[in-house]
Amino acid sequence: MRVGAIDCGTNSIRLLVADRDGENLTYLARRTEIVRLGQGVDVTGRIADEAMARTLLVAREYAQICREHNVDVLATDLPNLALETFARADATSVPAPAPAS
């Protein structure tokens with residue numbers, strides 16, 4: 001099975017694509033890009049537009065790499081992009097998550 005993972009943090013976004021055979025992984029693609037998503041949030045209280053643009057640009061590149069490698073299963077925290085970083089606690093530009101049902 002071909003698996004992929006995209007992890008987005010405050011400073012960088014990472015990609016891993018691998019073939020999984022039981023407990024064994026054969027890496028096909030690994031990347032880390034510095035995007036500085038949290039740039040200035042401590043001063044402004046919000047995620048900067050240019051920081052979000054950088055992050056989304058890399059996320060789109062990573063999605064294309066996953067498509068090119070025909071990834072079967074993708075694990076990612078991108079749907080919760082701002083919620084999974086320190087920016088959620090500090091940024092006024094990020095809406096609060098919906099209450100769990």
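Leaving aside its neighbours within four places in sequence, which residues is valine 3 in contact with?

## Valine 3 and its surroundings

Let's start with the answer, keeping in mind that this is a predicted model. Valine 3 is in contact with Leu16, Val17, Ala18, Arg20, Leu25, Val71 and Val73, once its neighbours within four places in sequence are set aside.

Valine 3 lies in strand β1. The residue has a relative accessible area of 19%, so it counts as buried, because the cut-off for that word is under 20%.

Now follow the chain through its strands. Strand β1 covers residues 2-8 and strand β2 covers residues 12-21; the two run antiparallel and are joined by seven bridges. A hairpin of three residues links β1 to β2.

Strand β2 also pairs with strand β3, residues 24-34, again antiparallel, through 10 bridges. Here the hairpin has two residues between the strands, and glycine 22 in the turn has a positive phi of about 65°.

Isoleucine 13 in β2 is a handy landmark. Cysteine 8 stands opposite isoleucine 13, and isoleucine 13 in turn stands opposite glutamate 33 in β3.

## The cysteines

Where do the cysteines sit, buried or exposed? Cysteine 8 is buried, with a relative accessible area of 2%. Cysteine 66 is buried too, at 6%.

A disulfide is a covalent bond between the sulfur atoms of two cysteines. In this model, the count of disulfides comes to zero.

Note on methods: Residues numbered from 1 in each chain as written. Predicted model: local features only at pLDDT ≥ 70, side-chain atom pairs only at ≥ 80, totals over all residues. Heavy atoms only, no water. Pairing = 2+ DSSP bridges. Helix = DSSP H or I, 4+ residues; strand = E, 2+ residues; numbered from the N terminus. Disulfide = S-S within 2.5 Å. Buried < 20%, exposed > 50% of the residue type's maximum accessible area, 1.4 Å probe, protein only. Contact = heavy atoms within 4.5 Å.
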